[in-house]
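Me: Hi! Could you walk me through this one with me? I have the structure open and a few quick questions.

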Amino acid sequence: MTKMMNLSPETVSLLLLLALLSPTLLLCSGDSTTVEDESPPTVCIIGSGIGGSSVAHFLRNYSASTALSRSRILMFERHERVGGRMRTVTVSGDTFEAGGSILHPKNYHARDFVKRFNLTVRSPTAIEESSAVGIWDGKRFVFKTFGSSVKIPFVDKIVSWVNDVYLFVRYGLSLLRMSHFIESMIDNFLKYYESLESRPVFDSVEGMLKWSGLYNLTKVTLQEKLSEAQLSPLLVNELVTVITRINYGQSVLISGLAGAVSLAGSGGGLWSVEGGNWQMAAKLINHSDVTLHLNEQIESVSHLGDYYELKSAKGNSFKCDVTVVSTPLDEVDIQFSPAISIPKRELQHTHATFVRGLLNPGYFGMKSVSDVPALVGTLEDPLIPFSCISILRKYSATDMTYKMFTRQPASDSLLDELFSARTETVRIDWGAYPKYHAPEVFAPFILDDHHLYYVNAFENAASTMETSAVAGENMARLIVSRFRTKESSSSSSSSSDTRSCSSGLHSDM
């Protein structure tokens, strides 16, 4: 038989009190356990270009001490390859950049990516760096610099010096004023690399541009800004026009900031990644613990209370706490629920045509192909059917690979006029960048009141690989900042609940 314990009346009363209070104690401790055991958030990124891959990279770098440090990152790419508008093309076994091609020496994020992942910097080849440039008005070359067929360093230096003098004779002090205009823009852009302590987190494109002093450049055209800077109309209508047509496929009526970025892309020290710039995105993705879904086109994004549901063309469904759109929404059909509101814009299509063969000197009124400059730029005239033609590789005097930009698809009849021989032709159609105008209107970084973000909103300021990386870095900081704010609120709420439990216990006792 079990012997019964003799309990004092005081002990019995205490046990009864604890029994009555136990549900309250369990409720308080249970809430705490739920917070700790909460599953890590899922971040979904639509697009695998430099913008999306930069978001993933910087999220991993900046999310320590937040719930995002344990996050799952899913990335969706509608094509079979990563890189977005960074892509290479193969012509007769040789590889060339077909999309985003060049990087500026002060593109510090890109330089860091290359160094971090042991990629190799590729400098321009001799033919790509050729000083032989011609400006074609549709009937004749209105200006041509000198080239050198003798690849001896001191000869190249002499030719370069002669061309500098020739340029100064034609354009005068306007060249120095243009250089100052470019450097001023670059100095302001470099503020985006300042320390995290001195650099705010931006929740809008406008705020980001105003802080760096670049916003006003988006309110006027490049032509207006250069006139204000006292550049001669001759320089603007010739040299500047050639550059904007090559880099953005548009005239000097583009916005001032896009124009300034375009001009910066015509300077010296330009570089790319050996084997293709797309490798930067691939390395960022591989080193960010991303689950990559190739050939997965997202068709809808729906906010369902506490999460987003993404549905793909394959019939797959994904649950996401954070959704980042890192692809231009202008030409993709993604249905958002609730609907989002962004300013309407068009993309400027650039048709890149690669030809192995030989240019027709007769088209340019020349007797020999050697008389045609290595780079032919064009003035703004709707009757001129191409923006530029350049030599990418020279195999012999009668065999070369060329790259040509046009605003419309290059027909066979046009190519037969321009080339006396074609052994291989590759065409690529890019929705390359926005059609710029002034004043620019920007889409929001945050597309709803929750966690739906749009990296490409920054493209209306300027579209380059580095500006996408800069926007991606800020986007990662913005997401982390808003999560920290949310966690602080939750923490305060949890503390209040704990105090409520304690005060209730004290009250009951």
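Predicted model: local features only at pLDDT ≥ 70, side-chain atom pairs only at ≥ 80, totals over all residues.

Me: OK, next pair. How do α2 and α10 cross?
Reply: The axes of helix α2 (residues 50-62) and helix α10 (residues 278-286) come within 9 Å and cross at roughly 30 degrees. That makes the two helices, α2 and α10, roughly parallel.

Me: Is that crossing left-handed or right-handed?
Reply: The crossing of α2 and α10 is left-handed.

Me: And which residues meet there, between α2 and α10?
Reply: From α2 you have Ile50, Ser53, Ser54 and His57. Their partners in α10 are Met280, Ala281, Leu284 and Ile285.

Me: Changing topic: how many disulfides does a search of the whole structure find?
Reply: The search finds one. Cys44 and Cys320 form the disulfide, with their sulfur atoms 2.0 Å apart. The pair links distant parts of the chain: Cys44 sits in strand β1 (residues 42-46), Cys320 in strand β12 (residues 317-320), and they are 276 residues apart.

Me: Why is the disulfide of Cys44 and Cys320 called left-handed?
Reply: Because the torsion about its S-S bond is about -80 degrees.

Me: Are Cys44 and Cys320 buried or exposed?
Reply: Cys44 has a relative accessible area of 0%, so Cys44 is buried. Cys320 is at 0% relative accessibility, so Cys320 counts as buried too.

Me: What about Cys388, buried or exposed?
Reply: Cys388 is buried, with a relative accessible area of 4%. The cut-off for buried is under 20%.

Me: Last one: which residues are buried in helix α3?
Reply: In α3, which spans residues 108-116, His109, Ala110, Phe113 and Val114 are buried. Looking down the axis of α3, the buried residues fall within an arc of 140 degrees, so they line one face of the helix.

Note on methods:
Residues numbered from 1 in each chain as written. Heavy atoms only, no water. Disulfide = S-S within 2.5 Å. Helix = DSSP H or I, 4+ residues; strand = E, 2+ residues; numbered from the N terminus. Buried < 20%, exposed > 50% of the residue type's maximum accessible area, 1.4 Å probe, protein only. Arc of directions from axis to C-beta. Axes fitted to C-alpha atoms, helices over the stretch in contact; angles between N-to-C directions. Parallel < 35°, antiparallel > 145°, perpendicular 65-115°, else oblique. Left-handed = near helix turned anticlockwise from the far one by under 90°. Contact = heavy atoms within 4.5 Å.
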